[in-house]
Amino acid sequence: MTGIDLEALLSQAPDPRQRVASFALLCLGAIESLVSGAIRASDAIRLLFHADNCLFVREHLQRDADDEVMSRGVQLPDLFDALPAEEAQQEYQRELAAMHTLCLKLIEDRESAAA
């Protein structure tokens with residue numbers, strides 16, 4: 001699987017609000033893929049939550065929620081290394097729910113700013 005290059009993808013959007021909305025929608029797709037089991041947490045890191053994208057988000061999107069989504073995504077596989085299986089699965093679901101909520105907030109904030 002080839003990773004997504006957020007810089008190449010999001011730099012095409014002329015409006016910062018469009019970049020944020022595109023980022024949030026892309027992350028929602030990744031989260032849904034994780035929830036459904038279509039991809040594993042380690043796949044999500046290779047695809048989206050890798051270091052280059054984390055750096056791009058921190059430097060160019062510059063919103064706490066964007067950075068938090070990336071940070072949570074990076075840490076997902078670690079849950080299974082650090083916790084017993086059942087507890088790791090519960091925490092994994094909580095993390096995905098938190099990421100989902102953050103993405104929806106980013107979209108909502110974008111719509112509020114446009115109004």
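Modeller: Start with helix α6, where arginine 94 and glutamate 91 sit 3 residues apart, about one turn of the helix. Helices here are DSSP runs (H or I, at least four residues), numbered from the N terminus. This is a predicted model: local features need pLDDT of at least 70, side-chain atom pairs count only at pLDDT 80 or more, while totals for chains, interfaces and linings use all residues. Residues are numbered from 1 along each chain as its sequence is written, and side-chain values use heavy atoms, leaving out hydrogens and water.

Colleague: How close are the closest N and O atoms of arginine 94 and glutamate 91?

Modeller: Side chains of opposite charge can pair when their charged atoms come close. These two form a salt bridge, with the closest N and O atoms 3.0 Å apart. The term means a side-chain nitrogen of Lys or Arg within 4 Å of a carboxyl oxygen of Asp or Glu.

Colleague: Which helices hold arginine 72 and glutamate 95?

Modeller: Their side chains meet in a salt bridge at 2.8 Å, N to O. Arginine 72 is in helix α5 and glutamate 95 in helix α6, 23 residues apart, so the pair links distant parts of the chain. Glutamate 95 counts as buried because its relative accessibility is 15%; buried means under 20% relative accessible area, exposed over 50%, partly exposed in between (1.4 Å probe, protein chains only).

Colleague: How many salt bridges are there in the whole structure?

Modeller: A search finds 8.

Terms used: Helix = DSSP H or I, 4+ residues; strand = E, 2+ residues; numbered from the N terminus.
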